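Reader: I have a structure open and would like to talk it through with you. Could you take my questions as they come?

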Amino acid sequence: MNDLSNMLETLSLEFSGNLIDPDDYRFNGARAVWNAMIDRRPAVIAQCKSASEVQAAVKLAVAQDLPISIKGGGHNVAGHAVCDGGVMIDLSGMRGVEVDPTARLAKVQGGALWRDVDTATQKHGLATPGGLISDTGVAGLTLSGGIGWLRAKHGLSIDNLVAADVVTADGSLVRASTDENPDLLWALQGGGGNFGVVVNFEFSLHPLGPEVMFTAPIYLVENGPEPIRAWRDFLTKHGDKVGSLCEFSTAGGEDFPEEHWGKRVFTLACIYNGDAAEGEVLTQPLLELGELSTDFSGRMNYCDVQQLFDTLVPAGDFRCYWKARYLSDLSDEMIDLAISNALAAPSDNSISSLWNFGGATAKVAADATAFGDRSFGWMYSLDGIWSDPADDAANIAWSRDGWSNSERFGHHGRAYLNFAGHGEDNAELTQTSFGPNYKRLVEIKTKFDPQNRFRFNQNIAPEA
């Protein structure tokens, strides 16, 4: 550690941010991430405020032959933001968003959260596809695809990523766009954090809001699957206009009738990707599929909708283990399995979801982005969420079992790599998920990170 201490002393001259080692009183707070299960200890945490400070931190890691983890929002369920014994680059001090309403572009710093983007873009009546939880980091969500409410009309986050500024493994700052390093831009469009530290993203924007139609009728699971089957058929017709998910959860609190507390329910949550009044008319049939437990539907401010799910899993409050796979189709049998899995959840905080795709997402060619094939119609996610470490085994088993049991409905074995469990985004799963694009990703990885400094991700190993 003496060499590291000397290097830190030299590096501190180039920093206006914080350099935090394990002896610093700020260390435990700085290494904490959203998932309370994650307990790792970096050799040093570099809290950066500029691209030049990120470059200096990367050069420190190279000089000490240390791996690098990157914290944007720190929301990744597997805790990729924090490493053991390496350099953790913390971008949480870099949350700026600049909007050009004329060009319909947003320039977003690498530590920004989606609420930062939504707030800035909605001032101009614009939006870009983001996540469903506003304190999710822009970087982590985007680099593995970015699935949000606007996917029906505007695709994934990566489909709107037009350029990026990246600090690569040798400490260089390079631009990735259609004109400069287009191979790197392609790799960033779904290839994860394998290729460097993205210090700036540039997204295309679309007119939307401030009012949108949020449709969210809630039905009791015990009343049967028919509303889910009707929802599926509705989205088969309107999946180019509606981004939706069927979310299984447990009723509780003043928003539900007291007689339903503790019962399993499902929410048919939708955002109409267009005019709110049109969406209210179009989605009305989803409120008429049987007896409701309650209904959260209504015209709402887009930024408010983007924050509706934040309270489900407050940062640092819960232990989480999530698995997800793409589905070729959503058969009656798969719906029945999803219901069975929801009823078996050992924690009332756990949720599971069926997500629709198609629309603009499906129109992108498989080789146009690193993300790969878009021909799947649905996704199934099992999000184990609980509090007591003594319950780890039961809750992890629930997610794993549900994921394994749904394999026969899967789409070529592919998984959504943002929800791949903990350390299970292994070489086989990663290669399967990228499909034919994997070979090109290896070539780009070898070009920009030949020593695999950036390996806390769905890792793509460089060529030897």
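Reader: Which strand is His-412 found in?
Author: In this model, which is a predicted one, His-412 is found in strand β21, a strand made up of residues 410–420.

Reader: And what about its backbone, what is the phi of His-412?
Author: The phi of His-412 is positive, at about 55 degrees, although the residue is not a glycine.

Reader: Is His-412 buried or exposed?
Author: His-412 has a relative accessible area of 61%, and because the cut-off for exposed is over 50%, the residue counts as exposed.

Reader: Arg-414 is found in that strand too; is it buried or exposed?
Author: Arg-414, also found in strand β21, counts as buried, with a relative accessibility of 5%.

Reader: Which residues does Arg-414 touch, leaving out those up to four places away in sequence?
Author: With those left out, Arg-414 touches Arg-325, Tyr-326, Phe-371, Gly-372, Asp-373, Phe-376, Thr-432 and Ser-433.

Reader: On to helices: which residues of α15 are buried?
Author: In helix α15, which covers residues 438–448, the buried residues are Tyr-438, Leu-441, Val-442, Ile-444, Lys-445 and Phe-448. Around the helix axis they cover an arc of only 170 degrees, which puts them on the same side of α15.

Reader: Why would residues three or four places apart point the same way?
Author: An α-helix has 3.6 residues a turn, so residues at that spacing point the same way.

Reader: What covers the buried residues of α15, and which exposed residues are on the face turned away?
Author: The cover includes α7 (182–188) and α14 (427–434), while the face of α15 turned away from its buried side carries the exposed residues Lys-439 and Lys-447.

Reader: And α9, which residues are buried there?
Author: In helix α9, residues 276–283, the buried residues are Ala-276, Gly-279 and Thr-283. Seen down the axis of α9, they fall within an arc of 55 degrees, so they line one face of the helix. These buried residues pack against β12, α8 (226–238), β15 (264–272) and β17 (298–301).

Reader: Zooming out, how many helices and strands are there in the protein chain?
Author: The secondary structure of the protein chain comes to 15 helices and 21 strands, and 61% of its 464 residues count as buried.

Reader: What is the radius of gyration of the protein chain?
Author: The protein chain has a radius of gyration of 22 Å, which agrees with the value near 23 Å that a compact globule of 464 residues would have. Taken along the principal axes, the box filled by its C-alpha atoms is roughly 70 × 55 × 40 Å.

Reader: Last one, how many positive and negative side chains does the protein chain have?
Author: The protein chain has 36 positive and 61 negative side chains, and the centres of these two sets lie 4 Å apart.

Technical notes: Residues numbered from 1 in each chain as written. Predicted model: local features only at pLDDT ≥ 70, side-chain atom pairs only at ≥ 80, totals over all residues. Heavy atoms only, no water. Helix = DSSP H or I, 4+ residues; strand = E, 2+ residues; numbered from the N terminus. Rg over C-alpha atoms; globule rule 2.2 N^0.38 Å. Buried < 20%, exposed > 50% of the residue type's maximum accessible area, 1.4 Å probe, protein only. Lys, Arg positive; Asp, Glu negative; His and termini not counted. Charge placed at Lys NZ, Arg CZ, Asp CG, Glu CD. Arc of directions from axis to C-beta. Contact = heavy atoms within 4.5 Å.
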